[in-house]
Amino acid sequence: MPDIPLAMVALLCLAALAAGWIDAVVGGGGLLLLPALLLGLPAGTPAVDALGTNKAVAIVGTSGAAVTYARRAPVDVPTAVRIGLAALAGSSGGAVLAAGMSTEVLKPVIMVVLLGVAAFVILRPSFGTAPAPGPVTRRRVLAAIGLAGLGIGFYDGLVGPGTGTFLVLALTAVLHLDLVTASATAKIVNCCTNAGALAMFAWQGAVLWQLAGLMALFNLAGGTLGARTALKKGSGFVRVVLLVVVFTLVANLAYEQWLA
């Protein structure tokens with residue numbers, strides 16, 4: 001592990017705690033965790049080490065949140081795993097394509113989509129407040145595998161930021177889940193995509209395991225607490241956090257596109 005001041009290690013652990021909570025509630029914890037690593041690691045540390053360490057930390061918090069949700073929320077685990085495997089394939093394809101193209105042209109499109117999503121959620125207060133009656137049809141499951149799995153998985157490999165938030169929105173819209181159950185399902189899908197990415201980074205030797213292990217403990221605590229908070233507060237609370245994360249993501253993409 002590189003020589004990092006103790007105060008900076010403490011700040012990175014606090015960032016991991018907060019990121020775990022945000023990610024468990026509605027996704028988007030990487031918006032906090034990855035920039036914290038990029039800023040907190042010593043100058044000269046390869047960016048790929050920050051990316052690999054980020055995945056090693058995030059998968060622990062995501063797994064903790066997934067277990068907490070699965071125990072207390074009505075999650076269809078087999079369906080979530082099928083979507084997750086599709087997302088794993090999609091993210092691999094996106095990562096391959098990302099090596100040969102600039103993602104800058106996609107960011108304005110993503111911002112417009114996110115603003116449209118925010119407007120929809122604001123204008124439809126009932127969105128995600130209650131699940132649709134009756135069982136989910138096979139057609140909707142296949143649509144979720146295509147959109148939330150292959151489609152958003154591809155986005156995760158190609159661009160990345162806000163993947164968890166997109167998953168929550170897609171699962172709510174396609175499977176007619178309430179926001180709490182959609183968040184729970186998204187955590188299982190995220191575990192699949194994070195595992196694939198982490199395996200690749202570990203193979204490249206791009207994970208700072210000692211730092212990741214310490215931060216992962218805080219991320220796990222944040223993820224477990226976030227899942228419990230969402231379960232306790234309900235879909236209305238998740239809806240508010242969702243809007244905050246969406247607008248934060250738009251601001252982050254705008255900064256990267258035009259100001260950075």
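# Getting to know the helices

Student: How many of the 25 residues of α8 are buried?

Tutor: Let's set the words first: buried means under 20% relative accessible area, exposed means over 50%, and partly exposed lies in between (1.4 Å probe, protein chains only). Helices are DSSP runs of H or I with at least four residues, strands are runs of E with at least two, and the numbering starts from the N terminus. Helix α8 has 25 residues and is largely enclosed by the rest of the structure, because the number of them that are buried is 18.

Student: Good start! What kind of model is this, and what is left out of the side-chain values?

Tutor: This is a predicted model, in which local features need pLDDT of at least 70 and side-chain atom pairs count only at pLDDT 80 or more, while totals for chains, interfaces and linings use all residues. Residues are numbered from 1 along each chain as its sequence is written, and side-chain values use heavy atoms, leaving out hydrogens and water.

Student: How far does α8 reach from its first C-alpha to its last?

Tutor: The expected span of a helix is 1.5 Å times one less than its number of residues. For the 25 residues of α8, that expectation is 36 Å. The model comes close to it, with a reach of 36 Å.

Student: Which residue has a side-chain oxygen that reaches the backbone nitrogen of Val180?

Tutor: A polar contact is a pair of N or O atoms within 3.5 Å; within protein, one must be able to donate a hydrogen and the other to accept it, and residues adjacent in sequence count only if both atoms are side-chain atoms. At the start of α8, the oxygen comes to within 3.0 Å of the nitrogen of Val180, and it belongs to Asp178.

Student: At what angle do the axes of α1 and α8 cross?

Tutor: Two packed helices are described by the angle between their axes and the distance between the axes. Axes are lines fitted to C-alpha atoms, for helices over the stretch in contact, and angles run from 0 to 180 degrees between N-to-C directions. Here α1 (residues 6-26) and α8 (residues 179-203) have axes that come within 7 Å and cross at roughly 115°.

Student: How many residues apart are Trp21 and Phe237?

Tutor: Trp21 and Phe237 form an edge-to-face pair, 6.0 Å from centre to centre with 80° between the planes. Trp21 lies in helix α1 and Phe237 in helix α10 (residues 235-259), and the pair links distant parts of the chain, 216 residues apart.

Student: Which helix holds Phe166, the partner of Tyr155?

Tutor: Tyr155 and Phe166 form an edge-to-face pair, with 5.3 Å between centres and 80° between planes. Their places in sequence are eleven residues apart, so the pair ties together two parts of the chain: Tyr155 is in helix α6 and Phe166 in helix α7.

Student: How far apart are the end C-alpha atoms of α6?

Tutor: Helix α6 (residues 138-158) has 21 residues. At 1.5 Å a residue it should span 30 Å, and the model agrees, because its end C-alpha atoms are separated by 28 Å.

Student: What is the relative accessible area of Lys55?

Tutor: Lys55 is in helix α3 (residues 47-72). Leaving aside neighbours within four places in sequence, Lys55 is in contact with Asp156, Asn194, Ala197, Leu198 and Phe201. Lys55 is buried, with a relative accessible area of 16%.

Student: One last thing: what is the phi of His176?

Tutor: His176 lies in the loop between α7 and α8. His176 is partly exposed, with a relative accessible area of 33%. Although His176 is not a glycine, its phi is positive, at about 60°.

Conventions
Phe/Tyr/Trp six-rings, centres within 6.5 Å; stacked < 30°, edge-to-face > 60°. Contact = heavy atoms within 4.5 Å.
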